[in-house]
Amino acid sequence: MIDINWVVFAPALSLIIAASVSLLITVFKKNTKLSAIISLIAVAVAAAFNLQLFLNRAEGVQSSFGLEYLADTPALGFNFVILIATALAILISYDYLEKRNLDQIEYYPLMLLSASGALVMVAAGGMITLILGLEIMSLAVYVLAAWKQDSPASEEAGMKYFLLGAFASAFLIYGIAMLFGATGSFNYAAIAASVSSDGFDKIFYAVLASILILVGLGFKTAMFPFHQWAPDVYTGAPMPVTAFMSMVVKTAAFAALFRIAASFLLDMPSFISQILLIMIALTMIVGNMGGLVQTSLKRMLAFSAVAHAGYLGLALFAAKTVGIQAAVWYLTAYVIMNAGAFAVLSLIVDENDQADSLDDIAGLAKTHPALATAFSIFLFSLAGFPLFAGFIGKILVFQAAIENGYVLVAIIGIITSLVAVVYYLRPVIVMYFKNTDNKITIQPSMATTIVIAVAAIVTVLLGILPGWWYGLFEMGQRIVAAG
Amino acid sequence: MIGTEYYIALSAIIFSIGTVGVLSRRSAIMVFLSIELMLNAANLAMVAFARAWASEGALAAMNGQAAVFIILAIAAAEVAVGLGILVAIFRYRETTELDLLSEMRL
C-alpha cells in the first residue's frame, strides 16, 4: 500500500523545486538577485498551496505516507509562520549580501532547502519524518551560519552550531530509539495510543526517551540549560541568517515539541512535566538577565530570542487544548517584530556586523526619525507593551499556562517580562534622548525598507486587532491525528 | 537467544562513551567521531528493539530496521557538511583545536 498524496506536501515540494531550478539557472548566469526573486516566488507558491490545504481542512485529516506527513490545522498554521519568516529573511538578505560581497549563488537555494526542512518537520506525523525534516533544515543552516568565509566570528558560529547541533540530534535520535523500544512505533498517533493504553509496562524506556528528546529539542529551541550556543551563534552569523535562525528554526522546533508534548510527553509521570517546568522558568530568567548586561544590540536580540523561547514554552502545558493556537499566534507576532528589529539592525551595522552598540545608535531619532520610530515599535512589541502584537501573544501564553494550573511559572514569566522592559527600553531612550553629534550612516536598501514598513504596520495591526488571525486556527481537541 | 536488555546496556555504554568524548575532546575531528559513536549506539538500540518487537508482527520489526538505514544516511550527510565547514576553517586558521575557536564570550 503506497499512499502518496502530492497536494499534502506541495508546499515543501515547491520550495525544493525552486531551489534546484535556481541552482541550475545560476550555473549559466551568475545572478544572485535572480535567484532571490525565484525564491520569493517559490515562497508565494508554497503559501498558495498551503492556503488551498487550509481551506480544505474541514474535510478530514489530509495526510500522506500513511499518517507520516500531515496537513492538519497545527501544521498549516506553523507552515504560514515559516513561509512568512522565510520571505522576510530573503528580503533582508537582498541588499545586505551584495554590499558585503557575500552574494554567492548558493545562498538562497540553501535558505529555501532549510525552510523546506522546517515545513517537513512541522508536518511530521511521526518521529522518523521529524528527524528527517530536522536534519534537512539544520544542515543548510549550519552552512549559512558559516557563510562569511573570512570572518572568524562567522566560522566560529558555524562550527559551534554544527557540533552542538549534531550532538543534540544524537540525543534526539537515541531518544527516538528508546521510544521505539517502549511503544514499538514511530508514529505519534500509535505512540499516544500505546502510552495511554492500560497494559503499558515499559515506562522506564518511555521516561528515558522523554528526557533524551527534551534534551535534543531543547538545544534546537535554545532552552535552558542548552541555550549557551545561541548568543554566540546568533552574534557570529551574518545578520539575515541570524534572523532566519531565530525565526524559522525556532518555529519548526517548537512545532515538533508541541506534537510530542500532545502525543506522550504530558502523559508521562509528573516529574517529566516538572523538568519541563524548571527548564522553561530558567529559560525566561536566564534569557532576560542575559539581555540586561549586553551592549551589542545583536547580542541583546539573541538573548531576547532565548527569553521568548521560554514564553513560548509556557504554551506547551496546554498542548492538548489551546496551546498550539496560542503558539501559532505568538510565533506570528514574534516572527514579524523580530524580522523588523533585525532589518533595522542590518541597516545600521557596518560591513562586519559591528558598530551595533548602544552608543552607535545615539541620536538616531534626529537623523532618521522614521527608522527610529519603527525600531521603537519593534522593541515595545518585543517587550510586550499593550497595543502591540507582543502583548497579546504574552497574554495568550500566560493564559494557557494558568488555565492548566501552572500559575507559579506564569507569575515568573510576568515578572521576568517586566524586568525585560529595562533592556528593551534602553535603546529607545538612547535613540531619542541622548545628545551626541555622531553621524549615523545607514545603508539605504529598498527591500529592507519594505520589510521594516510592513513589519511595523503588521505589528501594530496585530496588536489592535488580535482576533482574526487567532480565530482562524481554532484547533478543537484533535492535535494528534488518530488513524 | 541473548536478551534485549544486554544489547540496550551495550548501546547505553557506547552512547555514554560518545557523550564523554564530545565533552572532553579538544580536536573538532575527535568530537565529530564521538558524535558518530552516539548515532551508532542509537542504531544498535533500534536493531535490538526491532528484534524484540518482531513477535508483535513484522511491521514493527521492519520499521525499526528501516529507521536504522535512514539514520545511517543522516549521519553520512552530517559528515559531508561538517567536514566542509571544518576544511573551510582549517584553511583559514590551520588548526582544528576547539579551544582556539572561542573568541566570543559573554
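Q: Are α16(A) and α17(A) roughly parallel or roughly antiparallel to each other?
A: They are roughly antiparallel (an angle over 145 degrees; under 35 is roughly parallel, 65 to 115 roughly perpendicular, the rest oblique). This is a predicted model, where local features need pLDDT of at least 70 and side-chain atom pairs pLDDT 80 or more, while totals for chains, interfaces and linings use all residues. Residues count from 1 along each chain as its sequence is written, chains are lettered from A and ligands numbered from 1, in written order.

Q: At what angle do α16(A) and α17(A) cross?
A: Two packed helices are described by the angle and the distance between their axes. Here helix α16 (residues 389–403) and helix α17 (residues 407–433) of chain A cross at roughly 155°, and their axes come within 8 Å.

Q: Which residues make this contact?
A: From α16(A) come Lys394(A), Phe398(A), Ala401(A) and Ile402(A); among those from α17(A) are Val407(A), Gly413(A) and Ser417(A). Contact requires C-beta atoms, placed from the backbone, within 7 Å.

Q: How far apart are the axes of α6(A) and α8(A)?
A: The axes of α6(A) and helix α8 (residues 203–221) of chain A are 7 Å apart, with an angle of about 155°. That makes α6(A) roughly antiparallel to α8(A). In α6(A), Leu164(A), Phe171(A) and Met178(A) are among the residues that meet α8(A), whose residues there include Tyr205(A), Leu212(A) and Phe219(A).

Q: How many residues does each chain give to the contact between chains A and B?
A: Chain A gives 32 residues and chain B gives 32 residues. On the side of chain A that touches chain B, the largest share, 17 residues, comes from α6(A).

Terms used: Two residues are in contact if their C-beta atoms, placed from the backbone, lie within 7 Å. Helices (H or I, at least four residues) and strands (E, at least two) are DSSP runs, numbered from the N terminus. Axes are lines fitted to C-alpha atoms, for helices over the stretch in contact, and angles run from 0 to 180 degrees between N-to-C directions.
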